[in-house]
Amino acid sequence: MSAASVDTTGERPVVAAHLDALRLPQDVFDALVAHAWSDFPYEVCGLLGLQRDGRVEVIPVANAERSMRYYVMDSRELLRAMRRIEDEELGLVIYHSHTHTQAYPSATDIRHAAYPDALYAIVTLEDHDAPAVRAYTIRAGAVVEVPVVVG
Amino acid sequence: MAVVRIPTVLRPHTGGEARVEVDGATVGEVLTALVADNPALAERLLEDGKVRGYVNVFVDDEDIRYLDGEGTAVPAGAEISIMPAVAGGAR
């Protein structure tokens, strides 16, 4: 699917996986990094909802595992968050943090990726002084990076 | 008769339907009826007749893991929600 097919003006929901870049306003980037630090060294997770006008909603979801190596979104919080994404027809971004490794999907991330229309964003705190966010589509085990533009 | 809410990610396997009405007195019966009507859902929802480990199923927004699993009673008019889990990790 090419970027040209993305409908950014009509009434159709945003399909995050079709975007040519994930655009994060600076305050959203800062909120993601702050969320990642908030439970350090445990992994945090949540959803972003992309609006057609470029605004981004941050919806933190509890990590039911509270682990440094693993996350599972709390099922009831996930249900509520995903309903909000669907009801408001927002583009779906699934994010989590890697506190000690680079922002690249792990074998675990790839194995569990069940949302082909979503972008998967990873916030890394590996370099404490230079936190970063990278984004990917993960479809049938295939990982494709999508640029993240902050600001 | 129960209503099953189908999330966007699974609608390609229900012909685009967001809500499907099926019969069943328990979650297991409802899901069996659901996949009988929508066979493409079977491998995504069930494994050896049980709900797959990485699929969340709710009865009126309560996770069946904290109820009676597939044996959870489905009252008339109840709403069943299905949602693939979101999980991963650094390793």
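Trainee: How many residues of chain A are in contact with chain B, and what makes a pair count as a contact?

Mentor: This is a predicted model, in which local features need pLDDT of at least 70 and side-chain atom pairs count only at pLDDT 80 or more, while totals for chains, interfaces and linings use all residues. Residues are numbered from 1 along each chain as its sequence is written, and chains are lettered from A and ligands numbered from 1 in the order in which they are written. Two residues are in contact if their C-beta atoms, placed from the backbone, lie within 7 Å, and by that test 24 residues of chain A are in contact with 18 residues of chain B. The largest share of the side of chain A that touches chain B, six residues, is supplied by H2(A), helices being DSSP runs of H or I with at least four residues and strands runs of E with at least two, numbered from the N terminus.

Trainee: What joins E4(A) to strand E8 of chain B?

Mentor: Strands pair if DSSP finds at least two bridges between them; two bridges join E4(A) to E8(B), residues 87–88, and the strands run antiparallel, with Tyr71(A) opposite Gly88(B).

Trainee: Why is chain B called as compact as a globular protein of its length?

Mentor: The globule rule is 2.2 Å times the number of residues to the power 0.38, and the radius of gyration is taken over C-alpha atoms. For 91 residues the rule gives 12 Å, and chain B has a radius of gyration of 12 Å, close to that value, so the description holds. Its secondary structure comes to two helices and eight strands.
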